[in-house]
Amino acid sequence: MLNTYSYPEFKYQQSPEQASGDVKRHPVVIIGAGPIGLTAALECAAQGIPVIVLDDNNTVSIGSRAVCYAKRPLEIWDRLGVAAPMLEKGISWKIGKVFFKEKLAYQFDLLPEEGHKMPAMINLQQYYLEEYMVAECERQERIDLRWKHKLLSLSQNDEFATLVVETPDGVFTMEAQWVIACDGANSDTRNMLDGEFSGQFFQDRFLIADVVMKNDFPTERWFWFDPVFHKNQSALLHKQSDDVWRIDFQLGWDADPEEAKKPENVIPLLKQMLGEECEFELEWVSVYQFACRRMDKFRYGRVLFAGDSAHQVSPFGARGANTGVQDIDNLGWKLKLNLDGKAPAELVESYSEERVFAADDNLMNSTRSTDFITPKSKSSRVFRDAVLQLAEQHEFARPLVNSGRLSTPTPYLHSSLNTEDEDSFAGNMRPGTNCADAPIQIEGNNSWLLPTLGGEFTLLVINNDTAHSVEQGGVHAKVLRLGQDFDDSEGLVSQRYDGEQGAIYLIRPDQHIAARWRSFDEIKIKAAIAKACCQH
């Protein structure tokens with residue numbers, strides 16, 4: 001198969017602690033240098049935490065694997081300083097079309113409103129994503145990437161974990177106050193701790209083909225139910241960088257994975273879809289079954305699980321990597337406050353509370369998508385086909401069409417860290433929700449709201465002259481005041497945050513809202529900070 005990408009090889013280096021034989025204790029050790037592990041490293045560094053990353057390989061992911069990256073993860077990567085090359089290389093899109101047989105049944109727009117820095121979605125091969133993140137990690141003094149380091153065993157007590165690690169130079173032992181396991185769906189770390197991983201495993205098989213071709217298809221997500229080129233099954237097409245197109249074919253329950261991915265079987269399928277005259281080359285082919293399952297909890301003592309090691313969803317809806325990045329966004333600031341002695345381990349435990357809630361939301365949406373795409377009974381299929389036919393003409397049927405509900409953030413509406421509203425507000429910016437972006441001006445220069453938030457607690461102040469910074473239990477909340485620190489150039493900050501009558505938002509370091517009020521009250525703000533940090 002053609003491979004247009006040159007895979008980098010990262011250098012193995014023996015660590016000083018292995019060379020000396022000294023057992024060193026680190027604040028945080030990350031297992032796995034995929035997109036979630038690398039995001040965790042960048043997040044820890046941004047929080048001021050020195051971090052070690054262990055990976056048993058020494059290159060990026062083989063094949064494009066994860067493809068679609070949603071607006072919220074892009075906002076997180078932007079805060080971590082790594083989004084720019086992703087946006088430059090990736091294919092931005094927001095329009096999706098769903099076809100039933102040969103007819104357009106439904107069309108959607110993922111971001112119909114203006115005034116956001118990040119696009120609704122980009123498509124980018126995972127190997128590029130990881131390459132950019134490795135390069136940024138290598139620029140960070142606090143990040144130590146250790147390639148060809150394989151975790152052999154892990155034990156722990158109440159204070160730290162002990163890791164036995166194998167390298168080309170032999171075996172050595174290290175310790176960590178916290179371990180973040182980002183080692184994927186087949187996580188060895190999870191197995192070492194006998195972590196419970198349960199849920200639904202679907203019988204249907206799908207073929208993924210990355211195809212290099214030049215054509216004039218628009219940069220949209222196209223999904224077919226029962227197309228003429230693949231009868232009684234489904235198919236998906238969307239574009240990545242370098243004229244690589246991701247094409248998925250539903251294969252059915254009985255397909256032989258090894259046979260199905262042979263070029264002599266894939267190429268006829270592609271020709272049926274693209275036409276005999278279309279010139280293309282295969283870059284990568286894989287066959288998969290998908291699962292919707294999660295661990296019972298994401299914290300096991302000193303070990304925290306994130307990404308596919310903690311939860312698995314079907315790829316339709318782009319919820320895998322996107323959800324994992326938001327796991328890390330939730331976790332980093334909590335580890336920082338705990339390591340600095342400003343919050344108890346209970347705050348770290350809230351990571352499991354909030355992200356298990358988000359995982360269940362993603363699992364529900366993913367399972368519904370899978371059931372719609374692959375009906376399990378004749379009556380289910382009759383219902384699905386009726387919905388698709390109705391959607392062509394009738395608005396009421398379109399929300400029922402489900403070709404993979406695309407990834408959106410799950411608000412932590414019932415989190416124990418939230419302070420409930422006591423004032424009335426309109427709009428979506430409720431406690432537990434991630435902040436909406438908006439265009440602003442800083443000293444006359446165009447900018448964006450989200451890059452001014454995050455990394456620390458912030459009081460976003462709209463139409464209030466009495467607010468000032470607040471400190472509680474060693475945690476400082478800075479003030480960001482509309483009209484003084486920035487200007488609301490298009491009025492969208494005041495609109496999206498319902499600030500006409502005055503508003504003060506307490507925003508967590510992960511850009512989620514902890515509390516909001518109409519007027520400034522230092523006692524109430526201190527209580528809300530204490531609650532958000534589990535300070536008792």
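Two strands are said to pair if DSSP finds at least two bridges between them. Helices (H or I, at least four residues) and strands (E, at least two) are DSSP runs, numbered from the N terminus. The model is predicted: local features need pLDDT of at least 70, side-chain atom pairs count only at pLDDT 80 or more, and totals for chains, interfaces and linings use all residues. Residues are numbered from 1 along each chain as its sequence is written, and side-chain values use heavy atoms, with hydrogens and water left out.

**Overall dimensions**

- The protein chain contains 13 helices and 26 strands.
- A compact globule of 536 residues would have a radius of gyration near 24 Å, and the protein chain agrees with this because its value is 24 Å. The radius is taken over C-alpha atoms, and the globule rule is 2.2 Å times the number of residues to the power 0.38.
- Taken along the principal axes, the box filled by the C-alpha atoms of the protein chain is roughly 70 × 65 × 45 Å.

**Pairing around β11**

- Strands of a sheet pair through backbone hydrogen bonds, either parallel or antiparallel.
- Strand β1 (residues 25-31) runs parallel to strand β11 (residues 170-181), and six bridges join the two. Within this part of the model, I30 has I180 in β11 as its bridge partner.
- Strand β10 (residues 161-167) is antiparallel to β11 and is joined to β11 by seven bridges. T162 stands opposite E175 in β11, and a hairpin connects β10 to β11 through two residues.
- Strand β18 (residues 303-305) runs parallel to β11, with three bridges between them. Here A181 stands opposite F305 in β18.

**The β5-β6 hairpin**

- Strand β5 (residues 95-100) and strand β6 (residues 103-109) run antiparallel and are joined by six bridges. F100 stands opposite K103 in β6.
- Two residues lie between the strands of this hairpin, and K101 takes a positive phi near 60°.

**The three-stranded open sheet**

- Three strands form an open sheet in the order β3-β7-β4, with antiparallel pairing.
- β3 (68-70) and β4 (91-93) are the edge strands, each pairing on one side only.
- On average, neighbouring strands of this sheet are turned by 30° against each other, direction ignored. Axes are lines fitted to C-alpha atoms, for helices over the stretch in contact, and angles run from 0 to 180 degrees between N-to-C directions.
- β4 and strand β7 (residues 121-123) run antiparallel and share three bridges; S92 has I122 in β7 as its bridge partner.
- α3 packs on the sheet and touches β3 and β7 (contact means heavy atoms within 4.5 Å), and the direction of α3 makes about 75° with that of β3.

**Cavities**

- A cavity is a set of points, on a 1 Å grid over the protein atoms alone, where a 1.4 Å probe fits but cannot get out; lining residues have an atom within 4 Å of a point. Grid points are joined across faces, edges and corners, and a volume is the space filled by probe spheres set on the points.
- The structure holds three cavities of 30 Å³ or more, and the largest cavity has a volume of about 40 Å³.
- The lining of the largest cavity consists of R72, I76, Q326, D329, R355, P409, T410, Y412 and H512. At least two of the lining residues come from each of α3 (71-79) and α9 (320-339).
- By class, this lining has three nonpolar, three polar and three charged residues. Ala, Val, Leu, Ile, Met, Phe, Trp, Tyr, Cys and Pro count as nonpolar, Asp, Glu, Lys and Arg as charged, and the others, Gly among them, as polar.

Notes. On a 1 Å grid over the protein atoms alone, a cavity is a set of points where a 1.4 Å probe fits but cannot get out, and a pocket is an open set with protein on both sides within 12 Å along at least five of seven lines; lining residues have an atom within 4 Å of a point.
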